[in-house]
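I opened this notebook to record, entry by entry, what I looked up in the structure below.

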Amino acid sequence: MSKVKSSETVKVVVRCRPLNRKEAAGVTGTPGGKGGIVEMDVHRGQVVLRNPRALPSEPQKTFTFDSVYDASSKQRDLYDETVRPLIHSVLDGFNGTIFAYGQTGTGKTYTMQGAWLEPERRGVIPNAFEHVFTQISRSAADRQYLVRASYLEIYREEIRDLLDPNVHAPHVPNVHTQPPHTLELRESPESGVYVRDLTSCVCKSVKEIEELMNVGNQVRSVGATDMNEHSSRSHTLFLITVECSQTGPDGRQHIRVGRLNLVDLAGSERQAKTGVHGERLKEAAKINLSLSALGNVISALADGRSGHVPYRDSKLTRLLQDSLGGNAKTVMVATLGPAPQHYEETLTTLRYANRAKNIKNQPRVNEDPKDALLREFQKEIARLRAQLSHREGRGKHRKEEGCDGEGDEEGEEEVEKERKLQEERLEEEKEAIREDGSLLAVEKQRLLGEKEIMMGDLRKERDTTEQLTAKYKAMESKLLVGGRNIMDHTNEQQKTLEKRRQEIAEQSRREREILQQVMVQDEETLELRETFSSLQQEVEAKTKKLKKLYAKLQSVKAEIQDVNDEHVRGRQELEQTQNDLTRELRFKYLITENFIPPEEKNKIMNRLTYDPEEDQWKFQLLPPSESQMKKRLASAVGYKRPISQYARVALAMGAHSRYRVGE
Ligand code: ADP
Ligand code: MG
């Protein structure tokens, strides 16, 4: 039983945006083209794609998905049905990923982010923020949570930290002109693939995490001259880590860590590469490297037969290694545009989405990982608390000694009051010493000095305690405790409403599943159920079936042809790139062979090594040779360092000879 549970496929949903004004004008011009080329059957989860150039007799292409969202769908529909269950899993300690895939302008960013200021049009990310913190505030009071966020972008195969504090100057706008640092990927058996030195910020509320997102988006837009162009060429990943500690049945604290990747990919369309040379060519080759690698990874995983999955081909695929075929729960939202002129792209998107359905993951809860930050926080808080109570204890002890202790109330206030009292008492004692005529002046001074030192100690102690308390409070406020911390403004009615909506979403999902199953079974069992009363009837039924199968055969044939064409096109493009690169290489050869002296060339060649981790050639540092090591000048006898004639004279003359005042 557990085996069935431990493996699940990537959930794939498709969303089609409405026609925009420009497209609508174009589409109504084409006969029968009302509403574009995409039709959706929301109940069955089916998409039918119409080829605008095909003959009416040609079969239409039909795809089935976990759910489909047509142009009239609301952000909330997608969230409640598809994303909500994933967030719950993350809070339970699973890793989860949602990524939007599709051509530029089909609504990836709209789906992931949407319009933040309009509640109806808020996308997956703002809704997920809200959801995570609300869920924490409603959870049982014995749970402690720590929420962290990171934000990065992959641009031209470089990973950039969008929350890097060195790049961002929060109070001085327009200061962060330099692009963010590029970071490296690392892999460890404990935590899988991760980005080294990626900034991660602890968040206590929705407001704080939204603020982080804004900060990151600013850095992103500063780095890009044309935001639209930039966003269609860069992938962004917002990572939320939720650590939760709870007392287990064994009476010990257990920590579960869930990571949520929210990914907005670059546009999946092919970038035009023709007629570019040199740096531009290399850049063009890199821009969509991640996306084509993603395609290859999806194909390899969906195929199931190929042993090698090319995760290492790009940064994106390495980062998503857990999400595709790994231990995460994954949702892919494929976005489509309904305009006829993008038929090819839409078909490609649907094919990828269709393939991704077959990817199997093995989600598992991350229990008690060694690197849980929450554990460290708890330890540190406990340490600070112990220190504080130790101090409190000491204060109280003194108090009891001093003024015969009145009651044993606890708390900082009490300690603070006590300290004030002690100070006042010292002050009084000092005053008494000053006024005491029987003491000698020296004696008075000594006693006063002693009291002064005692006062100083008292103050120092107070400062340390204050610092400790502040640190303790700051750390404790970062831990979110279930059932409080965050004000839950939602009243019961709203909660019920939310629950209802969830139930409805779940219901319609189940209905769709059943419908899809029925469709499959219908095809298989049609024949079995039929009993024929006459030969004539049998012939009719079989003819009908034959027709159906024939149509199916035709569509499969067309599909094969399409895939072949696509393959050929892809290969031609690759060949073209290869030719261009070879030409570039020959050019470089020509220069090196003819204009660089062979011995220099050899020297350079011998020093170069290839770093596969970073996919770069690197210069080895030269070991300092004998001749290069400058001999240190011998110092004059009796001196540590070599010394000039002038300095020696000056020294001999004693003081500075120059500024000597004449007599
Ligand atoms: P992408 O990120 O895929 O390049 P965008 O999310 O920027 O595309 O969407 C392009 C445009 O289409 C935006 O103006 C967006 O508001 C609009 N849009 C996308 N999806 C929808 C939708 N489902 N409903 C309404 N408008 C949408
Ligand atoms: Mg976008």
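Which residues is K108 in contact with, leaving aside its neighbours within four places in sequence? Taking contact as heavy atoms within 4.5 Å, I found that K108 touches A100, Y101, G102, Q103, D264, L265, A266, G267 and T335.

Before going on, I noted that this is a predicted model, in which local features need pLDDT of at least 70 and side-chain atom pairs count only at pLDDT 80 or more, while totals for chains, interfaces and linings use all residues. Residues are numbered from 1 along each chain as its sequence is written, chains are lettered from A and ligands numbered from 1 in the order in which they are written, and side-chain values use heavy atoms, with hydrogens and water left out.

**K108, continued.** I placed K108 in helix α4 (residues 108–112), where helices are DSSP runs of H or I with at least four residues, strands are runs of E with at least two, and both are numbered from the N terminus. K108 has a relative accessible area of 7% and therefore counts as buried; buried means under 20% relative accessible area, exposed over 50% and partly exposed in between, with a 1.4 Å probe and protein chains only. I also looked up V263, which is 155 residues from K108 along the chain, and found their C-alpha atoms separated by 9.5 Å.

**The chain as a whole.** I counted 18 helices and 20 strands in the protein chain, and of its 663 residues 37% count as buried. Among contacts between residues at least 6 apart in sequence, 70% join residues at least 24 apart.

**Cores.** I then looked for nonpolar cores, meaning sets of buried Ala, Val, Leu, Ile, Met, Phe, Trp, Tyr and Cys residues joined through side-chain atoms within 4.5 Å. The largest has 49 residues, of which V14, V47, F65 and L294 touch the most other members. A second, separate core of 42 residues includes L78, Y145, L260 and V331. Going back to V47, and not counting residues up to four places away in sequence, I listed its contacts, among them V14, V38, F63, F65, L336 and L350.

**Helix α11.** The buried residues of α11 include Y343, L347, L350, Y352 and A356.

**Helix pairs.** For these I used axes fitted as lines to C-alpha atoms over the stretch in contact, with angles from 0 to 180 degrees between N-to-C directions. Helix α9 (residues 289–303) and α11 pack at about 40 degrees, with their axes 8 Å apart, which makes α9 oblique to α11. In this pair G295, I298, S299 and A302 of α9 meet Y352, R355 and A356 of α11. Helix α3 (residues 75–91) and helix α5 (residues 124–138) pack at about 45 degrees, with axes 10 Å apart. The contact there includes L78 and Y79 of α3 and V124 and N127 of α5.

**Positive phi.** I noted that D197, although not a glycine, has a positive phi of about 60 degrees; D197 is in the loop between β12 (192–195) and β13 (201–203) and is exposed, at 61% relative accessible area. D368, also other than glycine, has a positive phi near 45 degrees, lies in the loop between β17 (360–361) and α12 (373–403), and counts as partly exposed at 28%.

Conventions: Angles under 35 degrees count as roughly parallel, over 145 as roughly antiparallel, 65 to 115 as roughly perpendicular and the rest as oblique.
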